[in-house]
Amino acid sequence: AKIDLTQDLLKTDIPDSKAVEEWVMHYFPKALRKNYKSEILNHRLKREIIATMLANGMVNRMGPTFVSGRMEKCGVSSAEVAKAYIIVREAYDLISLWDEIEDLDNKVPALVQLKAKNEISRMTERAITWFLSRSGRNLNIEKDIVAFHEGIKIVRKNLGSLVADSHKTTIEQTTARLESDGLPHSLAHNIALMPLLSSACDIIRIAKQQKADLTVTAKAYFELGDHFHLDWMRQQARYLPADDVWALEALEGLVDQLYSCQAGITVKILKDMNGSLPAKASVKTTILKNWMKDHGLQAEQIEPLFQELRSASHLDLPMLVIAEQRLRNLYGG
């Protein structure tokens with residue numbers, strides 16, 4: 001997998017990007033990096049070193065079948081998968097998180113470190129898939145890192161005042177559990193945020209398109225996710241049995257569609273409330289409640305369906321598909 005990916009990368013302009021120069025810098029000892037930066041950046045094997053280091057990193061972090069899996073799922077080239085990986089890696093500051101986990105070698109059980117890395121990998125996979133299938137344009141490594149890095153930082157910093165109480169409780173419980181496993185509080189908290197941060201790219205894109213404040217967009221996004229049971233439905237879909245590859249593909253597609261619903265309804269709410277949105281969001285901000293007063297009749301009509309779903313003794317794929325279709329009707333998706 002590493003050899004094939006390295007050869008693919010050498011056929012692209014990715015090794016020439018300034019965003020990946022650190023790979024060739026870190027290939028050399030620290031003393032050389034300090035005194036011979038110019039020589040390293042002009043090394044005759046610079047492209048080969050970067051391609052090899054990038055391929056090794058991707059396979060080590062995401063697994064040997066990740067690239068081929070994303071290529072098949074999203075209909076893209078290995079180069080596009082690599083670009084998305086670099087963007088997510090930098091925009092989410094994943095290097096510092098990985099370093100913190102690896103610094104705990106021989107200080108906490110290896111299983112604790114592996115679980116923390118798996119949480120990051122799940123978020124990374126979803127974010128990479130988003131860039132490959134939903135960004136709506138060709139990827140630009142340098143520009144996209146800049147465009148998303150600050151927004152992700154803002155969402156991460158303000159999550160405590162943006163998410164519903166149920167999410168806050170989950171974050172607190174997960175943080176406490178990870179701390180009891182031996183992780184430092186800051187690292188445990190950041191790992192606990194991973195499932196929610198996977199939606200940051202959608203939130204940032206919507207805020208830019210609608211020219212809305214990022215925290216207001218995030219508040220609306222998370223409020224409607226809780227109100228319309230979207231997080232709960234995605235969780236149920238992930239635990240449904242899949243007897244073959246087609247069933248698995250259908251379930252993964254449903255989860256993707258539920259994320260699309262959340263984004264689509266967020267856009268509708270922002271459009272409907274244009275001119276009456278707050279300048280910033282806070283703990284007390286209730287965007288969905290205000291929207292429901294004037295635009296929530298159709299939303300109220302589908303509430304009995306969710307009550308029936310949540311009280312059902314057994315859920316299956318058709319039930320969740322029907323719920324997703326009703327939600328899609330709310331924004332004309």
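Visitor: What kind of model is it, and how are residues numbered?
Guide: It is a predicted model, in which local features need pLDDT of at least 70, side-chain atom pairs count only at pLDDT 80 or more, and totals for chains, interfaces and linings use all residues. Residues are numbered from 1 along each chain as its sequence is written, and side-chain values use heavy atoms, with hydrogens and water left out.

Visitor: What is the mean pLDDT of the chain?
Guide: The mean is 92, and 99% of the residues reach 70 or more; pLDDT is the predictor's confidence in each residue, from 0 to 100.

Visitor: Which element has the lowest mean?
Guide: Helix α19, residues 297-301, has the lowest mean pLDDT, 86, while α12 has the highest, 96. Helices here are DSSP runs of H or I with at least four residues, numbered from the N terminus.

Visitor: Pockets next. How much space lies in the largest one?
Guide: About 1600 Å³. A pocket is an open set of points on a 1 Å grid over the protein atoms alone, where a 1.4 Å probe fits, with protein on both sides within 12 Å along at least five of seven lines. Grid points are joined across faces, edges and corners, and the volume is the space filled by probe spheres set on the points.

Visitor: Now Thr-217. Is it buried or exposed?
Guide: Thr-217 lies in helix α15 and counts as buried because its relative accessibility is 0%. Buried means under 20% relative accessible area, exposed over 50%, and partly exposed in between, with a 1.4 Å probe and protein chains only.

Visitor: What does its side chain reach?
Guide: The side chain of Thr-217 reaches the backbone oxygen of Asp-213 at 2.9 Å. Beyond its neighbours within four places in sequence, Thr-217 is in contact (heavy atoms within 4.5 Å) with residues including Ile-203, Thr-266 and Leu-270.

Visitor: Which residues of α16 are buried?
Guide: Leu-230, Trp-232, Met-233, Arg-234 and Ala-237 are. They pack against α15, α17, α20 and α21.

Visitor: Loops, then. What is phi of Asp-93?
Guide: It is near 55°, a positive value in a residue other than glycine. Most residues other than glycine have a negative phi. Asp-93 is in the loop between α7 and α8, and counts as partly exposed because its relative accessibility is 32%.

Visitor: Where is Lys-211 found?
Guide: Lys-211 is in the loop between α14 and α15. Its phi is positive too, about 55°, and Lys-211 counts as exposed because its relative accessibility is 75%.

Key: 1 Å grid on protein atoms, 1.4 Å probe; cavity = no way out; pocket = protein on both sides within 12 Å on 5 of 7 lines; lining within 4 Å. Helix = DSSP H or I, 4+ residues; strand = E, 2+ residues; numbered from the N terminus. Polar contact = N/O pair within 3.5 Å; in protein donor to acceptor, adjacent residues only side chain to side chain.
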